[in-house]
Amino acid sequence: MPITEITSLQELLQTLNASTPSKVVVQASAAWCKPCDAIAPHVDRLSSEYQQKKEGEGEKKEGEKEGEGKGEVRFVRFDIDSAADLAQELGVRAVPAFFFFSDGELVDEYKGGRVNLLEEMIGRNIG
């Protein structure tokens, strides 16, 4: 699943309130941010990898509810200059910044452009 570009706090709230997926990774970025440009292809790759995991899961495991399991994640990205309301709501002070939501609740965040740390945070919060 490609990364969805959002432009407002309202769009994020709609995404978080959707029934599935229950886990959302939000990337705060800026057009002028070189570290954002550098990490973007890695975020795109991670989004694709998690979508492939979802598609490769096949049948549900015993006791697993519809929509549960690894891969049930959506990646969204927004530009802090275009979506100032969203940047303010999330308290963005530096970019790139990543916010991890589970069942509509903020569970963790990471500020920085180190791919290995981002992968670790995604694994901890999503995987």
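Tutor: Let us begin with the salt bridges, of which the count comes to six. Please bear in mind throughout that this is a predicted model.

Student: What can side chains of opposite charge do when their charged atoms come close?

Tutor: Side chains of opposite charge can pair when their charged atoms come close. Here, Arg 77 forms a salt bridge with Glu 5, with 3.5 Å between the closest N and O atoms. Arg 77 belongs to strand β3 and Glu 5 to strand β1 (residues 4-5), so this pair ties together parts that are 72 residues apart in sequence.

Student: Which salt bridge does Arg 124 form?

Tutor: Arg 124 forms a salt bridge with Glu 120, the closest N and O atoms lying 3.5 Å apart. Because the two residues are four residues apart in helix α4, about one helical turn separates Arg 124 and Glu 120. Arg 124 counts as exposed at 53% relative accessibility, and Glu 120 is partly exposed at 45%. In a further salt bridge, the side chains of Lys 111 and Glu 109 meet at 2.1 Å, N to O. Lys 111 is partly exposed, with a relative accessible area of 37%, and Glu 109 is partly exposed as well, with 31%.

Student: By what is a pair of aromatic rings described?

Tutor: The description rests on the distance of the centres and the angle of the planes. This structure holds two aromatic pairs. In one of them, the ring centres of Tyr 50 and Phe 75 are 6.4 Å apart and the planes stand at 50°, so the pair is tilted. The pair links distant parts of the chain, with Tyr 50 in helix α2 (residues 34-55) and Phe 75 in strand β3 (residues 73-79), 25 residues apart. Both Tyr 50 and Phe 75 are buried.

Student: How are the rings of Phe 98 and Tyr 110 arranged?

Tutor: Their centres are 6.3 Å apart and their planes are at 20°, so Phe 98 and Tyr 110 are stacked. Phe 98 lies in strand β4 (residues 97-102) and Tyr 110 in strand β5 (residues 105-111), so the pair ties together parts 12 residues apart in sequence. Phe 98 is buried, with a relative accessible area of 1%, and Tyr 110 is buried, with 11%.

Student: Which polar contact joins the side chain of Asn 125 to another side chain?

Tutor: A polar contact of 3.2 Å joins the side chains of Asn 125 and Asp 108. Asn 125 lies in helix α4 (residues 115-125) and counts as buried at 13% relative accessibility. A polar atom of the Asn 125 side chain also lies 2.8 Å from the backbone oxygen of Met 121.

Student: What is the mean pLDDT of the protein?

Tutor: The mean pLDDT is 85, and 81% of the residues reach 70 or more. Over residues 58-71, however, the pLDDT is below 50, although this stretch has 16 contacts in the model beyond near neighbours in sequence. Where pLDDT is low, the predicted coordinates should not be read in detail.

Terms used
Residues are numbered from 1 along each chain as its sequence is written. This is a predicted model: local features need pLDDT of at least 70, side-chain atom pairs count only at pLDDT 80 or more; totals for chains, interfaces and linings use all residues. Side-chain values use heavy atoms; hydrogens and water are left out. pLDDT is the predictor's confidence in each residue, from 0 to 100. Contact means heavy atoms within 4.5 Å. Buried means under 20% relative accessible area, exposed over 50%, partly exposed in between (1.4 Å probe, protein chains only). A polar contact is a pair of N or O atoms within 3.5 Å; within protein, one must be able to donate a hydrogen and the other to accept it, and residues adjacent in sequence count only if both atoms are side-chain atoms. Rings of Phe, Tyr and Trp (its six-membered ring) pair if their centres lie within 6.5 Å; planes under 30 degrees apart count as stacked, over 60 as edge-to-face and the rest as tilted. A salt bridge is a side-chain nitrogen of Lys or Arg within 4 Å of a carboxyl oxygen of Asp or Glu.
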